[in-house]
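Welcome, and please open the model in your viewer. We will go from stop to stop, selecting a few residues each time.

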Amino acid sequence: MIKENLAYVENEIQRACQNCGRAREDVTLIAVSKTKPVSDLREAYDLGIRVFGENKVQELVDKYEALPKDIRWHMIGHLQRNKVKYIIDKVDLIHSVDSVRLAETIEKEAAKRNIVVNVLLEVNVAREESKFGLMPEELDDFTARISGFTHIRVKGLMTIAPFVENAEENRPIFERLRKLSVDIKGENVDNNTVCILSMGMTNDYCVAVEEGATMIRVGTGIFGARDYTLSGEVH
């Protein structure tokens, strides 16, 4: 199933790239593997996937230890400050920086290890009360407040769009994030090298690609539906 699903997703990405005149290599596919067993990840790995996204720290750490070390792990879920230390040296990118206090913790833990951590700023473009993230109007102040952090590199922006039946409804959300990224890039902040737009999931990644996504997060579309009862989560 994973092989067939990946082939379908790949074809859809290529089609979306053609629709907007972009090169396929400009878009990174992140296989969102939360709640999925290591065996599923190994199958995806054997099919060429090297970028995996996890929502929970413990699950990421366990899979990091069990799988090949050339995998690039992305922390895409809400990150609690007291758990930063467990993944700081294991992840290629943290997608979900949404507060100065979290950024301060990442800066502190990265300094201890003498590393620079790549992060994205999570923006709640749709202003959903159930979602984490900075409001669009908070971005300028936020980037200014963390501009002196030398162990964090702001690589771009991330958003989680609403779940909709018609992906076109999320096009304005993705368009707005792209415009915000252009604004931030123009500020020339020292630790800011905005080039990544992480947006689009299983139900709307084609529209996200057409609106400039450089990373898309696809889970169900690759691994199939999740059984959250196994993780004790309620969704």
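Helices (H or I, at least four residues) and strands (E, at least two) are DSSP runs, numbered from the N terminus. This is a predicted model, in which local features need pLDDT of at least 70 and side-chain atom pairs count only at pLDDT 80 or more, while totals for chains, interfaces and linings use all residues. Residues are numbered from 1 along each chain as its sequence is written, and side-chain values use heavy atoms, with hydrogens and water left out.

**Stop 1: two loops**

Select Arg 127, in the loop between strand E5 (117–122) and helix H6 (139–145). Its phi is near 60°, a positive value in a residue other than glycine. Most residues other than glycine have a negative phi. Arg 127 is partly exposed, at 45% relative accessible area (buried means under 20%, exposed over 50%, partly exposed in between, with a 1.4 Å probe and protein chains only).

Now go to Thr 35, in the loop between strand E1 (28–32) and helix H2 (38–46). Thr 35 also has a positive phi, near 70°. Is Thr 35 buried or exposed? At 17% relative accessibility, Thr 35 counts as buried.

**Stop 2: salt bridges**

The structure holds 15 salt bridges, each a side-chain nitrogen of Lys or Arg within 4 Å of a carboxyl oxygen of Asp or Glu. Select Glu 10 and Arg 24, whose closest N and O atoms are 2.7 Å apart. Glu 10 lies in helix H1 (residues 2–20) and Arg 24 in the loop between H1 and E1, so this pair ties together parts that are 14 residues apart in sequence.

Stay on H1 for Glu 12 and Arg 15, three residues apart, about one turn of the helix. Their side chains meet in a salt bridge at 2.7 Å, N to O. Glu 12 is buried at 15%, whereas Arg 15 is partly exposed at 39%.

**Stop 3: Asp 204**

Move to Asp 204, in the loop between strand E7 (192–198) and helix H8 (205–210). Which side chain of opposite charge is nearest to Asp 204? It is Arg 217, 7.2 Å away, and the buried Asp 204 has no salt bridge (Lys and Arg count as positive, Asp and Glu as negative; His and the chain ends are not counted). The Asp 204 side chain does reach the backbone nitrogen of Met 201, at 2.7 Å. Leaving out residues up to four places away in sequence, Asp 204 touches Ala 161, Pro 162, Ala 167, Asn 170 and Phe 174 (contact means heavy atoms within 4.5 Å).

Note on methods. Polar contact = N/O pair within 3.5 Å; in protein donor to acceptor, adjacent residues only side chain to side chain.
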